[in-house]
2 protein chains.
Amino acid sequence: MADLTHLIQLLAKLPGFGPRSARRAALFLLKRRESLMEPLAAAMAETARQIRPCRLCGNLDTLDPCAVCRDPRRDAGLVCVVEDVADLWAIERTGAYAGRYHVLGGTLSALEGIGPEELHIDALLARCAAGGVREVILAMNATVEGQTTAHYIMDRLAGSAVAVSRLAHGVPVGGELDYLDEGTLAAALAARQTLKG
Amino acid sequence: MADLTHLIQLLAKLPGFGPRSARRAALFLLKRRESLMEPLAAAMAETARQIRPCRLCGNLDTLDPCAVCRDPRRDAGLVCVVEDVADLWAIERTGAYAGRYHVLGGTLSALEGIGPEELHIDALLARCAAGGVREVILAMNATVEGQTTAHYIMDRLAGSAVAVSRLAHGVPVGGELDYLDEGTLAAALAARQTLKG
């Protein structure tokens, strides 16, 4: 049982898992030894061995520079700044963006003692200063920390020739007005788009 | 990204996980490569390699016969019949049982076409017929399938000298009567325990 207990303890550290669901997952795996448990162990070991952060943008990939930074069809003049690799993946899933990225690795947070030097902000400024970057899109989360970080980067880029934009705020596609918070609705009203002049 | 996509697809097969939580778990793992991802991959591979079902009771363990069946301090005359290894673990966690087990591997189900030959019922009858078993405790879930299976095993053991019991039904410890279903409450009333004669 020692191995099994160890496995359950490790599984319980996964996000969304606790001791009970970890036990359930362990048993589920044990019953699917060949179809799931062994392939998952191998995929995990292989991914851990191969995936590294991209030295240019901070994306995680088996290649360094990553596939996004290597792709000559992507616009190197457009840099989308995100908090985390998960946000980069989310934007990639839209298929609507053909520029490059810059992963900050978090947000500024006085409470948690995260200052600009803990994030990859200097690297972003260096990319902008090196030339070739036309526009920086600030795609931080619409949270206090995200917007504070966006403001800070905006300030640092104030003297630069690079254009800076941010994601639009508004009604989510499929969203019902009745269920939206006032802030979002107010932002959608203020940023209303003209249909007929 | 191919490795990562493969890892996410496998993680999404875990119980309670979907595509979104699998992505989150993959990223969580990638950020904890040495502290979690590599140990988890190793623990999973090692457990998959070592753990086998016990030939006597069906428990999963690195030993065969399992640690429960090998333990000379446990009463071999008492056999607790459970649907699944998870139920065996649940009973072991109580620390209140010092007998052995028999794992059926499921319940009878006409709907899903599971008959007695799909479960380890013959092996249980053989254990009882071989002698040495004094009492069989039917610890199936209190569901229709569980109780049907318990009745079936009871019938098959009718001619045997082995005593058969089942778990008590009643008010769960910490349970509030107001929130209990009528069936449980009726069972608790019927099985009321005398405090003073």
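Guide: Let's begin at B:Asp122, which is partly exposed with a relative accessible area of 49% (buried means under 20%, exposed over 50% and partly exposed in between, with a 1.4 Å probe and protein chains only). This is a predicted model, where local features need pLDDT of at least 70 and side-chain atom pairs count only at pLDDT 80 or more, while totals for chains, interfaces and linings use all residues. Residues are numbered from 1 along each chain as its sequence is written, chains are lettered from A and ligands numbered from 1 in the order in which they are written, and side-chain values use heavy atoms, leaving out hydrogens and water.

The partner of B:Asp122 is B:Arg156: the two form a salt bridge, with their closest N and O atoms 3.5 Å apart (a side-chain nitrogen of Lys or Arg within 4 Å of a carboxyl oxygen of Asp or Glu). B:Asp122 sits in helix H6 (residues 121-129) of chain B and B:Arg156 in helix H7 (residues 144-156) of chain B, so this pair ties together parts that are 34 residues apart in sequence. Helices (H or I, at least four residues) and strands (E, at least two) are DSSP runs numbered from the N terminus. B:Arg156 is also partly exposed, at 38% relative accessibility.

Over all chains, a search of the whole structure finds 14 salt bridges. In chain A, one of them joins the side chains of A:Arg134 and A:Asp75, at 2.8 Å from N to O. This pair links distant parts of the chain, 59 residues apart: A:Arg134 is in the loop between helix H6 (121-129) and strand S5 (135-138) of chain A, and A:Asp75 is in strand S3 (residues 75-82) of chain A. A:Asp75 is partly exposed, with a relative accessible area of 26%.

Another salt bridge in chain A runs between A:Asp64 and A:Arg55, whose closest N and O atoms are 3.4 Å apart. A:Asp64 is partly exposed at 29%, whereas A:Arg55 counts as exposed at 61%. A:Asp64 has a further feature to look for: a cis peptide bond joins A:Asp64 to A:Pro65, with omega about 0 degrees. For background, most peptide bonds are trans. A:Pro65 is found in the loop between strand S2 (60-61) and helix H4 (67-70) of chain A. In chain B, a cis peptide bond likewise joins B:Asp64 and B:Pro65, again with omega about 0 degrees.

Next, the place where the chains come together. Chain A can be laid on chain B with an RMSD of 0.1 Å by a turn of 180 degrees and a shift of 0.0 Å along the axis (a least-squares superposition on C-alpha atoms of residues with pLDDT of at least 70 in both). That is the relation of a two-fold axis. The same surface serves both copies, as 100% of the contact residues of chain A recur in chain B (contact means heavy atoms within 4.5 Å). Of the residues of chain A, A:Ala41 comes closest to the rotation axis, with its C-alpha at 2.2 Å.

The search of the whole structure also finds three aromatic pairs over all chains (rings of Phe, Tyr and Trp, the last by its six-membered ring, pair if their centres lie within 6.5 Å; planes under 30 degrees apart count as stacked, over 60 as edge-to-face and the rest as tilted). One of them is the tilted pair of A:Phe17 and B:Phe17, at 4.7 Å centre to centre and with 50 degrees between the planes. A:Phe17 lies in the loop between helix H1 (2-11) and helix H2 (19-31) of chain A, and B:Phe17 in the loop between helix H1 (2-11) and helix H2 (19-31) of chain B, so the pair joins two chains. A:Phe17 counts as buried at 10% relative accessibility, and B:Phe17 counts as buried at 10% too.

One last stop in chain B: B:Ala98, in the loop between helix H5 (85-94) and strand S4 (99-103). B:Ala98 is partly exposed at 48%, and it touches B:Arg74 and B:Asp75, not counting residues up to four places away in sequence.
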